[in-house]
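Open the model in your viewer and keep the selection panel at hand.

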Amino acid sequence: MAIAEEERALVDRFLADRDERAFCEIYRQHGPALYGFARHLLERDAVVDDVVQEAWLRAVRRLPSFDGRSSLRTWLIGFVVNCCRESWRDAARHGTEQVADDPLEDAAQPADSHAERLDLERALARLAPGYRTVLLLHDLQGMTHEEIGDLLEIAPGTSKSQLARARQVLRTLWARPAHPGGEDGE
């Protein structure tokens, strides 16, 4: 496959002598996707830059272990997912973000306004982190349930059920009428 060979060549060039142009090309090809993916996973834009930067730092340190069994983008997204998980744990530990004990309970809360119900990004942000992660990995990144299972250390069947539940919750969010108290929910 030409893309896999090109990725391998870029990685090898970077690893051989820390070729800055090779790294810049890797970053150019994958940076926007990693940033966009992190932005979809995290509810707080303020931490997206930090998470993506940390993911890149970890990926560069571990680049010698990239074996090409998956695409480079899939491999890099694994670092973003792990950094997002750490961010969620830190936020829960410090009380800066509500983390759902029951993903359905948290995700099915009604939206605050009519516009919010129709806004996919806001609806995605309302999904519990596990649901959102599987949905984005499968539907946005095109990963298989087996790849998602390997990445998240869950069974492929768990990935399938979380995807189905995530889609169900999204449909519920979009179908729910606005609060009777008005557009702003008051």
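Select Glu153 first: this residue, just after α9, has a positive phi of about 60°. This is a predicted model, where local features need pLDDT of at least 70, side-chain atom pairs count only at pLDDT 80 or more, and totals for chains, interfaces and linings use all residues. Residues are numbered from 1 along each chain as its sequence is written, and side-chain values use heavy atoms, with hydrogens and water left out.

Step back to α9, residues 145-152. Helices here are DSSP runs of H or I with at least four residues, strands are E runs of at least two, and numbering goes from the N terminus. Color His145, Ile148, Gly149, Leu151 and Leu152: they are buried (under 20% relative accessible area, 1.4 Å probe, protein chains only). Now look down the axis of α9. Its buried residues fall within an arc of 165°, so they line one face of the helix. The arc is taken from the directions from the helix axis to the C-beta atoms.

Next, the largest nonpolar core, with 46 residues. Such a core joins buried Ala, Val, Leu, Ile, Met, Phe, Trp, Tyr and Cys through side-chain atoms within 4.5 Å. Select Phe37, Leu72, Trp75, Val81, Cys84, Leu127 and Leu137, which touch the most other members. Then show α4 (72-94), which gives the most to this core, 10 residues.

Zoom in on Leu72. Leaving out residues up to four places away in sequence, Leu72 touches Glu7, Val11, Ile26, His30, Leu63 and Phe66 (heavy atoms within 4.5 Å).

Finally, show the whole chain: 10 helices and 0 strands.

Conventions
Buried < 20%, exposed > 50% of the residue type's maximum accessible area, 1.4 Å probe, protein only.
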